[in-house]
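Q: Please show me the structure, and then we can go through its features one at a time.

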Amino acid sequence: MRFKDPFTIYQRLIKSGRKVYYYHIYSQNGERLSFSTGLSTKTATREYCFRLYKNNQLIPCKITKITFNDYSENWWIWDKCDYICGSIARGGSFSRNYADICRMNLKKHILPVFGKKELKEINHGQIESWLLSFSKKQLSNTTANHSLKILRRLKNYLLQNIQNSTGITHFTMQEIFLLQSLE
């Protein structure tokens, strides 16, 4: 039986005319992820990828430990939420009542579904299924839309503030694309 590498290497021509090798792997949830090595020879690329594999770093950014619960821990809590504090500091207005309603919605409708999932595991299909579950539970479209609005606010704030207090300091382009696809 032939040994199968845990990654696949391929070459791409970039805009500058230089040929660069990339590799792709499959994540734990079956998604195919591609990353650039920045290298121009296949031998060097294989060595580089095996070194990453040996060190368990084929996925360059380790946000896998950050769950939605971790990220949303202080969201919609009046004096702790960076989003609310920043909005008020910029002249916006937020009532405590609105923040409490959003926090209750987050706890009741969003966290039970997405709370234990890693940030980069959440995809468009899961959000669609979640939205359809509102009608199955005989909840109103207004509740579903309000919950989706809250989820989008969290996602948009995350994208605007890639470096934040949760320890997320960088994302790969693949991860940013996945987060942006939550529209």
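Q: In what order do the 3 strands form an open sheet?

A: First, the ground rules. This is a predicted model, in which local features need pLDDT of at least 70 and side-chain atom pairs count only at pLDDT 80 or more, while totals for chains, interfaces and linings use all residues. Residues are numbered from 1 along each chain as its sequence is written, and side-chain values use heavy atoms, with hydrogens and water left out. In general, strands of a sheet pair through backbone hydrogen bonds, either parallel or antiparallel. Here the order is S1-S2-S3, with antiparallel pairing. S1 and strand S3 (32-36) are the edge strands, each pairing on one side only. Strands (E, at least two residues) and helices (H or I, at least four) are DSSP runs, numbered from the N terminus.

Q: How many bridges join S1 to S2?

A: Two strands pair if DSSP finds at least two bridges between them. Between strand S1 (residues 8-13) and strand S2 (residues 19-26) there are 6 bridges, and Gln11 stands opposite Tyr21 in S2. A further 5 bridges join S2 to S3, where Ile25 stands opposite Leu33. The hairpin of S1 and S2 has 5 residues between the strands, and in it Gly17 takes a positive phi near 95°.

Q: Which residues have the most contacts inside the largest nonpolar core?

A: A nonpolar core is a set of buried Ala, Val, Leu, Ile, Met, Phe, Trp, Tyr and Cys residues joined through side-chain atoms within 4.5 Å. Buried means under 20% relative accessible area, exposed over 50%, and partly exposed in between (1.4 Å probe, protein chains only). The largest core has 28 residues, and Phe68, Trp75 and Trp76 have the most contacts inside it. Elements giving two or more residues to this core are H2, H3, helix H4 (96-114), H5 and H6. H6 gives the largest share, 7 residues. A second, separate core of 11 residues includes Ile9, Tyr23, Ile25 and Phe35.

Q: Is Trp76 buried or exposed?

A: Trp76 counts as buried because its relative accessibility is 1%. Trp76 lies in the loop between helix H2 (68-71) and helix H3 (82-89). Although not a glycine, Trp76 has a positive phi of about 65°.

Q: Where does Gln138 lie?

A: Gln138 is in the loop between helix H5 (124-136) and helix H6 (141-160). Its phi is also positive, near 60°, in a residue other than glycine. With a relative accessible area of 73%, Gln138 is exposed.
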